Amino acid sequence: MKKIGVIYGSTTGTTESVARLVADKLGVSSSDIHDVSNITPELINEYDFVVLGTSTWGDGELQDDWYDGIDVLKSSDLKGKMVALFGCGDSESYSDTFCDAMGVLYQDLQACGCDIVGMVDASGYNYSSSVSVVDGKFVGLAIDEMNESDMTEERVSAWTDYLKSLIS
């Protein structure tokens with residue numbers, strides 16, 4: 001089985017909580033869950049599969065720690081690694097930028113040679129616009145803990161079941 005690392009950027013704790021739920025569903029040890037502010041290229045290189053999580057802030061911006069984190073990822077050797085993304089957002093108050101930060105990570109990783117997996121059909125969500133939607137699918141798992149927390153467990157379970165099918 002591939003070695004999996006879960007990396008998150010969280011300001012209020014929501015994305016960290018989702019990261020821990022994702023890790024639990026994937027059977028990832030707590031020692032393989034990392035705050036993005038603590039990552040290094042050497043750490044990234046330990047993993048075959050990396051799950052990245054971010055929240056969206058302001059007008060669709062990355063969580064603050066990801067600005068340095070994306071530079072670390074770009075300086076790491078991502079060629080041949082599988083990468084899955086998840087994002088936390090608020091589909092009611094920020095309907096026009098819902099989970100945009102996940103799309104920003106996706107765009108930044110496009111030229112890194114990794115295999116981005118785990119796209120999710122966007123039709124089950126209520127939002128008006130998102131840069132994280134490509135061809136009708138979110139580039140990863142979109143989570144709305146503000147308005148749809150009752151759906152988080154089911155969405156994470158379905159998504160992680162799919163990811164497990166890719167790495168077994």
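**Salt bridges in and between helices**

Modeller: Lysine 164 and aspartate 161 are separated by about one helical turn, because they stand three residues apart in helix H5 (residues 152-167); helices here are DSSP runs of H or I with at least four residues, numbered from the N terminus. The model is a predicted one, in which local features need pLDDT of at least 70 and side-chain atom pairs count only at pLDDT 80 or more, while totals for chains, interfaces and linings use all residues. Residues are numbered from 1 along each chain as its sequence is written, and side-chain values use heavy atoms, with hydrogens and water left out.

Lysine 164 forms a salt bridge with aspartate 161, with the closest N and O atoms 3.6 Å apart. The term denotes a side-chain nitrogen of Lys or Arg within 4 Å of a carboxyl oxygen of Asp or Glu. Lysine 164 is partly exposed at 31% relative accessibility, as is aspartate 161 at 47%; this class lies between buried (under 20%) and exposed (over 50%), computed with a 1.4 Å probe and protein chains only.

The structure holds six salt bridges. Another of them joins glutamate 16 to arginine 20 at 3.2 Å, N to O. Both residues belong to helix H1 (residues 14-26), four residues apart, about one turn of the helix. Glutamate 16 is partly exposed at 26%, and arginine 20 is likewise partly exposed at 37%.

A further salt bridge links the side chains of lysine 74 and aspartate 108 (3.9 Å, N to O). Lysine 74 lies in helix H3 (residues 66-75) and aspartate 108 in helix H4 (residues 100-109), so this pair ties together parts 34 residues apart in sequence. Lysine 74 counts as partly exposed at 43% relative accessibility, and aspartate 108 is partly exposed at 25%.

Notes: Helix = DSSP H or I, 4+ residues; strand = E, 2+ residues; numbered from the N terminus.
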